[in-house]
Amino acid sequence: MPSKIAGTRRPSAVRGGGRAPAPPRRVRGGGVRRLYERARRAWDRPLTAYYVIIGAGLLITALGLVMVYSASMIKALTFDLAPSYFFRKQLFAALLGTGLLLIASRMPVKLHRALAYPILAGAVFLMVLVQIPGIGHSVGGNQNWISLGGPFMLQPSEFGKLGLILWGADLLARKQDMKLLTQWKHMLVPLVPGAFLLLGLIMLGGDMGTAIILTAILFGLLWTAGAPTRLFVGVLTVAGAIGVLLIKTSANRMKRFDCIGATDPGGEGAPCLQAAHGIYALASGGWFGSGLGASVEKWGQLPEAHTDFIFAVTGEELGLAGTLSVLALFAALGYAGIRVAGRTEDPFVRFAAGGVTTWITAQAVINVGAVLGLLPIAGVPLPLFSYGGSALLPTMFAVGLLIAFARQEPAAKAALAMRRPGWGKRAGVRWKSMRRRVKKRPSGER
């Protein structure tokens with residue numbers, strides 16, 4: 001009789017007998033492929049664009065505050081002001097801008113469309129006031145500012161960008177609903193004449209850089225609306241011819257083209273001083289920079305260190321790692337904006353999101369390109385990053401628009417609707433179940 005031990009069935013590694021299968025071979029690049037698939041699945045989630053826009057926008061603004069403080073200290077001291085003077089003004093503007101961002105992100109699309117005409121009309125009215133002697137003020141050779149009293153100044157053309165986007169998006173959306181965008185005259189009129197009105201008011205003050213950004217917004221709206229290639233090329237040719245004429249007739253603008261890629265300030269008058277010292281700042285930063293606050297170029301050698309050329313100071317103090325981080329944040333913000341514009345079914349949301357994304361990315365490219373010596377210096381700030389409340393407030397409102405649009409995506413709206421009550425429901429069920437499990441024990445014996 002066999003013993004129980006002998007008769008006991010031994011566990012087998014593989015049920016059904018046979019040899020155990022060989023471990024799967026590791027495919028070269030499998031880790032990279034899995035990482036790519038995870039990233040792709042994460043990006044395809046409904047709320048990814050929503051969180052990317054919030055995170056990138058706030059991170060750019062926060063890092064910009066730090067760099068404004070670092071880059072503006074010396075300039076403030078030269079005017080016998082407190083070192084934090086420009087930083088405090090920028091912080092105040094950032095707090096106001098955060099309020100505008102929150103308001104814009106919670107507003108329904110209908111209210112955004114209703115605000116299009118008042119914002120555009122107000123911007124045009126203020127841009128007309130800029131040209132009236134005694135009201136408008138000239139800064140840096142361009143008359144495009146209005147004094148608000150004390151140290152506060154307003155640049156109405158910055159709000160003109162936002163007004164053009166909202167008005168153009170509402171106009172194109174209504175025409176698409178009426179099936180009129182298939183006709184070229186309805187696509188151009190009155191959008192192009194309205195944009196040219198804003199461009200004319202801007203050019204009366206001599207601000208070529210803002211005019212370029214406004215032109216980019218116009219082309220962004222036309223491109224998002226599906227303008228035919230011939231129509232698009234025709235408008236681009238006309239705008240390019242006008243731009244060449246304005247550049248050729250201005251000696252100052254021609255000098256800016258001569259300073260592309262300059263590494264020497266030049267001879268008498270140092271015409272390429274800003275371009276050359278911007279390159280010096282970037283070159284001396286190395287991989288990780290000289291340290292926050294340790295810039296040398298901001299000590300008077302680099303003009304506009306806290307506004308147009310703040311990216312150069314960032315490269316000097318934070319190095320290549322810092323500048324690439326800033327560029328990555330702008331790339332993430334732009335890509336998320338494109339995703340919002342591409343996935344929506346609302347034509348107004350598509351046009352407005354495309355216009356805002358064009359505005360922020362085009363202005364960032366022009367600013368960074370000028371600092372790198374690849375483009376002429378246009379005198380435009382780095383969005384959300386450079387010093388200037390007039391530029392920061394409408395830009396943060398525009399980021400709030402993108403957040404609101406990202407929330408309006410059907411899948412994102414469903415995810416948010418499921419998430420909020422889910423937390424309360426799960427928490428309530430868990431609390432009730434815990435209360436049922438804990439039985440009340442009487443005192444004394446069990």
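Let me begin with how to read the numbers. What I am showing is a predicted model, in which local features need pLDDT of at least 70 and side-chain atom pairs count only at pLDDT 80 or more, while totals for chains, interfaces and linings use all residues. Residues are numbered from 1 along each chain as its sequence is written, and side-chain values use heavy atoms, with hydrogens and water left out.

The chain has 16 helices and three strands, where helices (H or I, at least four residues) and strands (E, at least two) are DSSP runs numbered from the N terminus. Of its 446 residues, 45% count as buried; buried means under 20% relative accessible area, exposed means over 50%, and partly exposed lies in between, with a 1.4 Å probe and protein chains only. If we take the contacts in the chain with a separation of 6 or more, 69% of them are between residues 24 or more positions apart, a contact being heavy atoms within 4.5 Å.

Now to the pockets. Rolling a probe the size of a water molecule over the atoms shows where empty space is left. A pocket here is an open set of points, on a 1 Å grid over the protein atoms alone, where a 1.4 Å probe fits and where protein lies on both sides within 12 Å along at least five of seven lines; lining residues have an atom within 4 Å of a point. Grid points are joined across faces, edges and corners, and the volume is the space filled by probe spheres set on the points.

The largest pocket holds about 1,400 Å³ of space. It is lined by 47 residues, and those closest to its centre are Val139, Trp145, Glu304, Thr307 and Asp308. Among the elements that give two or more residues to this lining are strand 2 (142-149), strand 3 (152-154) and helix 15 (389-407), but helix 4 gives the most, with seven residues. By class, the lining of the largest pocket has 25 nonpolar, 14 polar and eight charged residues, with Ala, Val, Leu, Ile, Met, Phe, Trp, Tyr, Cys and Pro taken as nonpolar, Asp, Glu, Lys and Arg as charged, and the others, Gly among them, as polar.

Glu304 sits in the loop between helix 12 and helix 13, and at 38% relative accessibility it counts as partly exposed.

The second largest pocket has a volume of about 760 Å³ and is lined by 28 residues, with Met208, Ala211, Ile212, Thr215 and Gly243 nearest its centre. Its lining divides into 21 nonpolar, five polar and two charged residues, and the largest share, eight residues, comes from helix 10.

Which residues of helix 10 are buried? They are Leu231, Phe232, Val235, Gly243 and Ile247. Seen down the axis of helix 10, the buried residues fall within an arc of 130 degrees, so they line one face of the helix; the arc is that of the directions from the helix axis to the C-beta atoms. These residues pack against helix 7 (184-188), helix 9 and helix 11, whereas the face turned away from the buried side carries the exposed residues Arg230, Leu245 and Lys248.

Of its 22 residues, 18 are buried, so helix 6 is largely enclosed by the rest of the structure. Within helix 6 we find Ala169, which counts as buried at 0% relative accessibility. Leaving aside neighbours within four places in sequence, Ala169 is in contact with Leu164, Leu221, Phe348, Phe351 and Ala352. Ala169 and Gly354 are 185 residues apart in sequence and 9.1 Å apart in space, C-alpha to C-alpha.

After helix 6 comes Lys179, with a positive phi near 60 degrees. Lys179 lies in the loop between helix 6 and helix 7 and is exposed, with a relative accessible area of 68%.

Val189 and Pro190 are joined by a cis peptide bond, with omega about 0 degrees, and Pro190 lies in the loop between helix 7 and helix 8.
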